[in-house]
Amino acid sequence: MIFADLLFLYIFLPALIIFYILAGFADKAVCALTKEKGFAGSINPVKNAVLIIFSLVFYAWGEPFYIRLMLISIAVNYVFGLLITFREKPSKAFFVLGIIFNIAMIGTFKYGRFIAENLNALGIPVPLPEAVSPVGISFYTFQSISYLADVYRGDVKAQKNPFRVLLYISMFPQLIAGPIVRYETIAEDICSRRITVEDVSEGAFRFFIGLGKKVILANQLSIISEQFLDGELSRLSVGGAWLGIIAFTFQIYFDFSGYSDMAIGMGRCLGFRFNENFNYPYISRSITEFWRRWHISLSSFFRDYVYIPMGGNRRHQPLNIMTVWLLTGLWHGASWNFVLWGLYFGIIIMIEKYTLLKVENKIPKVFLHIYSLFLIVFGWTIFYFEDLGRLGGFIKIMFGASGNPAGGIVTKNAFTVNLYLLIAAAVCSVPLGTLIRKFYGRAIKTSGGAAAMVIMKVAASAGLLWISTLLLVSGTNNPFLYFRF
Amino acid sequence: MDKNSQKSAPRYAEKKDKSSKGAAAAYVAAIAVIFAAVSGAMVFMPRSRESVLEQRELAEFPTYSRESFMDGTYTAEISHYFSDTVPMRDRLMEMASAVQEFTGFRSDDIKLHNVTVAENTEETSVTEGTAPVTEITVISNGSVVEDTGTVSNAETEVPAETEAPVSAVTQETAAAPADDAVSLTNNGIAVVGTRAIMLYGGSYSVGEDYAAVVEKYKKALGDDVNVYCMVIPTSSEFYCPESISSYNNSQLDNINNIYSHLANAVPVDAYSALKDHTAENIYFRTDHHWSSLGAYYAAEKFAETAGVPFLDLSEYDMHTVEGYVGTMYSYTQDITIKNNPEDFFYYVPKNVELDTTYYNYQLGDGNEIIGMDEPMKSTFYLNFSNSKSMLYCTFMGGDAKITHVNTSTKNGRRLAIFKDSYGNALPQFLFGSFEDIYVIDMRYFTYNAEDYLKEHGITDVLFANNAFHATTRSTVNYYEKLLTQGRQPAATSSPASSAVTTSVPAETSAVEKTVTSAAEVSEQTAETDIRKNEE
């Protein structure tokens, strides 16, 4: 299942809400009972059970076969968590075995075909496995790795209750498209969470924002990007190439960050607090900054579990940086363009370290923005084209090296009929929300302001829900980009 | 990079003051009511069964099987069912089209739909043999309306041809090789003002083959039978603005090229007949077809060419149905089209009596022929005023049939028309010109054409295809097939014989597969995306 889908919105979610509320009452009764008997367990076991069942249905809906792979993975990681801390001193052997298991699993199911293809290309004949790449495998494998690492380091205790590990890994809001939630972030919430009305209010609003980003902005933008990026390159104009890739630049941001917003919002409503995953990446003044603002849960994963353990900036830093970026690229897909894309950013960040970052304050901001946006947009070009031949052809067109015309009526028409959409995308890429939030926070404290602010917030939410629903019904376009990863 | 930033990343500030709590409660209550109302409507309101707008029956709830569950198709189909059959679907789609209009503005009053990204030049567009490959697979032969056949609320005396739902995407039964399935001859649709025009991308080489196959018919039929070839231009030829003309190949050039390759078949210059009347309503603005008036001028030219009498327009009663919004709205979902309906009109001769017999084909899921009904008598004009988007079916109720009209005109001339849907509007003006008229759709005919024509004593054969079809490979393939198929004596005489059910479906269903997969690439709906993604 995916979030931006009518069945999810209007059957799955309402059913979950009803059962979750009922589970709340059940939990109170259970707690009263256990207190009497003197047990001190989780205060929300029934809620957890409801959430696990809905999460498994959610996953099985889209991946009815490979759900067993996820369940096996969770079971194995649960056992490794216990084995690592079986003795007083954490067991390095079991930790390494656990990591190997996770890497072998993702290597087989996500990269098996890619590896075999490349071996064949090198002249080593191996049979080509089917490309399966079960949904969410990149996310849940990484969560498992972070769990084992945190347990090994002693940052968290291994969870003895297997259902809590199951809930941590399979919890549906973050299951198939992140953010990559660390166990310690929600360990407490799993056994004892309290949900306030502010949580539900914040969470629900966040969800509508995310839905709007995904359905109203990303899906509509994808019509432009598909029109210009998926066609015959020989017939593409320079202007069309730029229009297409700029539309994609906005599309992927609103697609992914909208999905993260929905995940964070739903998590909040359910009583969990996930960390932020995006922080207005397109206002960055350097690529280094961009990667602190883009897919934060992934870059911090690589920082904490690869970069720093390898030695960070203390030894062979260039090697550490390039390893992290090679892996970052590969994580996004089993294809050479993603490797290229990762190395592209690795090299830029390394160069920035010795040049730009040292003189950043002396350069006018506007140049820094132009510099960053240019490299980001160019990065998405590498990201978009899995076929390296097409990638080369497209880059030539972008820079006018192919003799294709500069523009034409089709580009002009696509530009004008989507101009307001593009403007809206640009406006939503800057921290307008922060400003509004500040204004809202102040206005709500005044006597007349509160009612007006609430009415506006309700109207905005209802509007986003309604327009998103209409567009989902018309449904000409609803690809979810991050499923590939 | 410091390690603690993840752990101590700022969480939401804990606000505990009363006012924000009250505001939050009010917001949550309001949102809960709204969400519950919309969810209730989505779940409990009656589901849509068919879309008049898209002219198809909507998805049905899938049947469970272990395999379909395990490979994910069962659940994907449920999701698809739920969004496809959403209550009040057409109304919501219309509102969505209106919302999408806010994404920008139309410069020069033009909006292009699915126009290939080519900023192409004259040279590339008319190059021999390079039909620009378009991303739209449904459109060019424009048979969505007619192919559908089954419309539950259509007041028609013709029995429904099939119970099977028809998918808009997969209904082209192009008898073309796999590679050809997507290379149809259109370049997309431009909405210019309130008129939608399908941009033409035909190519010379196919046109030459079209001329060749017409010649084959002439050769097979011999000197006693007149064979005419009328290639009908479409609206893009006359109403395409200069600014987008580079996406719109010249139909005149292609038509002239076809005519120049005819030797014994006689060309019918419908082009000049239409060109003289472009100020009149000779084409629909909201539909890809020509109007009855356009057909009148073309029929007049044909009658002149064939040397048969021709009834003046004053000899007809004109019937008008208001509020017609044709296929172009479902293709483009352009709200401008929806908001500017037009009149559908047709002509019934005052003083000619008609005896119309239909030989309806039964179609399978993939629109392949699976059988044939018993012949049935009915009227030539059928009432579609209750499903206005299908008004063009007024003529004979669609395409999947052979229609025989015996008229009160007695002059010994017996006409067979081989046609696509453009041809459906022609017979109304020829009832005073021929004694018998057989209307044969190139896609739905299971007899051997030569045997059939000879057996029915045909004196005149008219090929009436629009310029798109005349330069589309599958058209040529259809006509080739009609000449060679069903040579066994049994198949020619008895309708609904085993030849109908055995030979044709096997072939068409194989083609169907390729069309579907090609369509998957280009015509992705939300649902197919979900299915792909979740697999």
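**Domains of chain A.** I began with how chain A is divided: domain 1 covers 58–194 and domain 2 covers 199–479. Those bounds come from an automatic or database domain assignment. I noted that the C-alpha centres of domain 1 and domain 2 of chain A lie 27 Å apart. Their contact takes 21 residues from domain 1 of chain A and 18 residues from domain 2 of chain A. Two residues are in contact here if their C-beta atoms, placed from the backbone, lie within 7 Å.

Which elements of domain 1 of chain A give two or more residues to the side that touches domain 2 of chain A? I found helices H5 (112–121), H6 (137–153), H8 (172–175) and H9 (183–191) of chain A. H6(A) has the largest share of that side of domain 1, with five residues. By class, that side of domain 1 of chain A has eleven nonpolar, five polar and five charged residues. For the classes, Ala, Val, Leu, Ile, Met, Phe, Trp, Tyr, Cys and Pro count as nonpolar, Asp, Glu, Lys and Arg as charged, and the others, Gly among them, as polar. Helices (H or I, at least four residues) and strands (E, at least two) are DSSP runs, numbered from the N terminus.

**Ground rules.** I wrote down that this is a predicted model, where local features need pLDDT of at least 70, side-chain atom pairs count only at pLDDT 80 or more, and totals for chains, interfaces and linings use all residues. Residues are numbered from 1 along each chain as its sequence is written, while chains are lettered from A and ligands numbered from 1 in the order in which they are written.

**Confidence.** pLDDT is the predictor's confidence in each residue, from 0 to 100. Chain A has a mean pLDDT of 88, with 97% of its residues at 70 or more. Residues 476–485 of chain A are below 50, and this stretch has 31 contacts in the model beyond near neighbours in sequence. For chain B I noted a mean pLDDT of 75, with 74% of its residues reaching 70 or more. Two stretches of chain B stay under 50: residues 1–16, with 13 contacts beyond four places in sequence, and residues 490–535, with 95 such contacts. Where pLDDT is low, the predicted coordinates should not be read in detail. The predictor gives the complex an ipTM of 0.86 and a pTM of 0.79.

**Where the chains meet.** I found 63 residues of chain B in contact with 73 residues of chain A. On the chain B side, the elements giving two or more residues are helices H2 (18–44), H3 (66–70), H4 (73–84), H5 (89–100) and H20 (526–534), along with strand E3 (110–113). H2(B) gives the most to this side, with 16 residues. By class, the chain B side that touches chain A has 34 nonpolar, 18 polar and eleven charged residues.

**A helix pair in chain A.** I looked next at H14(A) (residues 317–331) and H15(A) (residues 336–354), which pack at an angle of about 150° with their axes 7 Å apart. Axes are lines fitted to C-alpha atoms, for helices over the stretch in contact, and angles run from 0 to 180 degrees between N-to-C directions. Among the residues that meet are A:Trp325 and A:Leu326 in H14(A), and A:Trp341 and A:Phe345 in H15(A). The residues of this contact divide into 13 nonpolar, four polar and no charged.

Most residues other than glycine have a negative phi. A:Tyr280, though not a glycine, has a positive phi of about 45°, and it lies in the loop between H11 (238–270) and H12 (287–293) of chain A. A:His295 also has a positive phi, about 40°, and lies in the loop between H12 and H13 (296–310) of chain A.

Are these two buried or exposed? A:Tyr280 counts as partly exposed because it has 17 C-beta neighbours inside 10 Å, whereas A:His295 has 22 and counts as buried. The cut-offs are 20 or more other C-beta atoms within 10 Å for buried, 12 or fewer for exposed, and partly exposed in between, with C-beta atoms placed from the backbone.

I noted 20 helices and 16 strands in chain B. Buried residues make up 51% of its 535 residues.
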